[in-house]
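Please read them with the structure at hand.

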Amino acid sequence: MTKRNRPWGYQDVFEGPTPDWQLGQDTIAVRAGLARSGFGETGEAMYLNSGFTYDSAEQAESAFMEETEHFLYSRFANPTVAMFENRLAALEGAEACFATPTGMSAMFASVAALVKSGDRIVASAAMFSSCYVILTEILPAWGITTVLVEGTDEKDWAAALSEPTKVVFVETPSNPLMEIVDLRMVSKLAHKVGATVIVDNVMASPVMQKPLELGADVVMYSATKHIDGQGRVLGGAILGTKDYIKNVVLPFTRHTGQSLSPFNAWVLLKSLETMAMRVERMNENAMAVAEFLAAHPKVESVSYPFLPTDKNYELAKSQMAGGGSTVSFKVAGSKEDTFKVMNALTVIDISNNLGDSKTLITHPASTTHKRLAEEVRLKMGVTPNTVRMSIGLESASDLIEDLRRALSVI
Ligand SMILES: *Cc1c(COP(=O)(O)O)cnc(C)c1O
């Protein structure tokens, strides 16, 4: 196999000889997965092509029979996409990765590829609203049962996981209130009843939490968030064992067409090089903002798992390296007061995205979580005075000053 035409899933993660010592995450982030063309380019090449050619009809025939390894078509695999997949897999400590065009396609494919009519899914109730729609509306219409549990309640998990279950789906920390689910506990219970544990690790990012080390089987990302982290492209990824990616995910995605564009893959590949620096800085800023808000009289409560007063603090510390970039809080007041505070901000933008270099604020009850029934929303803690902030890379002092002035209008 030549370096110039490596198929999906090639495992020689480093260009040239692989160092024989354990490499640090920062080295992996800039070098893993790199596959240079014959031109020896330093930066990773962008292969914006849909198809591939063959030297002969015989080579095409054997490529389709998987006798030789050869890229066939960019819906199945593409060299730039493969570089992104291999780099992210190396960072996550996963055997394999499949990149998808959005986070939602990663979520959908990671679950849907495993289940059939009659199967049962157990999930923590606090989750991103589109994930909620897939699990409680789309898949049930196809004969799949979803049981929702209170993510922080071990008894609830134990009761739900007392019968055969195909998939356990967990978002931790949860969006928007940063609830923490005990991944070691849930994985143990899930494996006893034969379930595959899938973790939506978007809120933590690959930098702050490694679910596979905590017992989970599959990790999925919206690469749109911290992986790009600069508000440019949509993307997603599914990570797990080689067997799961190759024999479960790929047969599903290659026919249903959930392929990441090579252009977006290239943006995301380059973004991985700076992801840890960005996420660590966001984390420092988030901690400073959370501490400021926690001491403010116009703030009813703050949700940030690394605040020592947070109810999730001990558990968060035991499974995360940092609290992440999302700080949610409740304004001491009504929905109108909350809107007044948001409208008074001058640096922080109103936007429902997260994981961006720019600090963004959103009112989940009227935007991201509006589609949910009010009782479901309230059960998740999404009240009319709840706001979610995605903390970016600005000077923390400016974020705090902006919030101080905005909170003074009520
Ligand atoms: C944004 C998000 C998703 C969906 O990702 P897209 O790239 O927007 O499709 C899934 N889960 C969580 C927790 C998210 O924040």
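1. Thirteen residues is the count around the ligand, given as 13, and of these M104, D200, S222, T224 and K225 come nearest; a residue counts as near if one of its heavy atoms lies within 4 Å of the molecule. By class, this shell has 4 nonpolar, 6 polar and 3 charged residues. Here Ala, Val, Leu, Ile, Met, Phe, Trp, Tyr, Cys and Pro count as nonpolar, Asp, Glu, Lys and Arg as charged, and the others, Gly among them, as polar.

2. The model is a predicted one, in which local features need pLDDT of at least 70 and side-chain atom pairs count only at pLDDT 80 or more, while totals for chains, interfaces and linings use all residues. Residues are numbered from 1 along each chain as its sequence is written, and side-chain values use heavy atoms, with hydrogens and water left out.

3. A backbone N or O atom of M104 lies at 2.8 Å, an N or O atom in the side chain of T224 at 2.7 Å, and a polar side-chain atom of K225 at 2.8 Å. The protein covers 92% of the 380 Å² of accessible area that the ligand has on its own (Shrake-Rupley method, 1.4 Å probe). A polar contact is a pair of N or O atoms within 3.5 Å; within protein, one must be able to donate a hydrogen and the other to accept it, and residues adjacent in sequence count only if both atoms are side-chain atoms.

4. At the N-terminal end, T102 caps α4 through a side-chain oxygen 3.3 Å from the backbone nitrogen of M104. Helices are DSSP runs of H or I with at least four residues, numbered from the N terminus. Buried means under 20% relative accessible area, exposed over 50%, and partly exposed in between, with a 1.4 Å probe and protein chains only.

5. Q319 belongs to helix α11 (residues 313–319). Because its relative accessibility is 6%, Q319 counts as buried. A polar atom of the Q319 side chain lies 2.6 Å from the backbone oxygen of V181.

6. E66 is placed in the loop between α2 (57–64) and α3 (79–92). Its relative accessibility is 60%, so E66 counts as exposed. E66 and T253 are 187 residues apart in sequence, and their C-alpha atoms are 18 Å apart in space.

Technical notes
Helices (H or I, at least four residues) and strands (E, at least two) are DSSP runs, numbered from the N terminus.
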